[in-house]
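Subject: Structure handover

Hello,

The structure we discussed is below. My notes on its charged pairs and its surface follow.

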Amino acid sequence: MSQLLHSNPLGFLIVDVARLFRQEFERIVVEAGIELTPGELRALAHVARLEGSRQAVLADRMGVEPMTLSAYLDRLEARGLVTRATDPHDRRAKVVRTTEAASRIFEETRPLAVAVYDRITSGFNDTEREQALDLLGRMRANLTSDPSILGQTSEAA
């Protein structure tokens with residue numbers, strides 16, 4: 001049987017690393033007893049990263065259906081971690097922002113994220129860590145024309 005691309009595992013590696021990274025982070029969050037589900041925490045992180053974005057933009061960036069994101073946001077809003085307001089440019093759309101209460105969640109989960117980052121980059125020196133971020137950022141830029149994505153630095157990515 002022939003292969004789509006001969007001896008080019010890049011796409012498979014990227015997808016597999018992303019899957020394993022997410023699984024590890026979700027495992028560590030559950031074990032730490034964080035009061036949010038991994039999905040809610042992921043949604044909260046995207047809201048913070050894209051502060052003031054529309055729900056549709058957030059759903060797209062997370063790779064989830066709008067209704068899935070809406071359910072996450074309902075629960076986060078009920079806990080006082082996010083607010084939703086009418087977009088001043090389009091009354092039909094909602095923009096989402098984190099609240100001050102979200103800061104406590106980020107302080108609680110930051111050491112967990114650092115631990116997973118340290119594990120995924122174990123054996124890398126500082127230069128290699130920077131190179132990996134740079135290369136992945138350039139790959140992402142090659143695949144999008146979205147200015148909100150292109151404007152992100154490797155460090156913020």
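**Salt bridges and a nonpolar patch**

Glu 26 is partly exposed, because its relative accessibility is 27%. Please keep in mind that this is a predicted model. The side chain of Glu 26 forms a salt bridge with that of Arg 22, at 3.2 Å from N to O. About one helical turn separates Glu 26 from Arg 22, because they are 4 residues apart in helix α1. Arg 22 has a relative accessible area of 41%, so Arg 22 also counts as partly exposed.

The whole structure holds 17 salt bridges. Two others that I looked at:

- Arg 84 pairs with Glu 77, with 3.0 Å between the closest N and O atoms. Arg 84 is buried at 19% relative accessibility, the cut-off for buried being under 20%. Glu 77 is partly exposed at 34%.
- Arg 138 pairs with Asp 134, and their closest N and O atoms are 3.1 Å apart. Both lie in helix α6 (residues 126–142), 4 residues or about one turn apart. Asp 134 has a relative accessible area of 34% and is partly exposed.

There is also a network: Glu 24, Arg 27, Glu 31 and Arg 119 are joined by salt bridges that share partners.

On the nonpolar side, Val 17, Phe 21, Tyr 117, Ile 120 and Leu 133 make a surface patch of about 380 Å². Helices α1 (10–32) and α5 (100–120) each contribute at least two of the patch residues. Val 17 belongs to helix α1 and is partly exposed, with 43% relative accessibility.

Regards

Terms used
Residues numbered from 1 in each chain as written. Predicted model: local features only at pLDDT ≥ 70, side-chain atom pairs only at ≥ 80, totals over all residues. Heavy atoms only, no water. Patch = residues over 30% accessible without salt bridge, like charges linked within 9 Å, V, L, I, M, F, W, Y side chains within 5 Å. Areas by Shrake-Rupley, 256 points an atom, 1.4 Å probe, with all protein chains shown as cover. Salt bridge = Lys/Arg side-chain N within 4 Å of Asp/Glu carboxyl O. Buried < 20%, exposed > 50% of the residue type's maximum accessible area, 1.4 Å probe, protein only.
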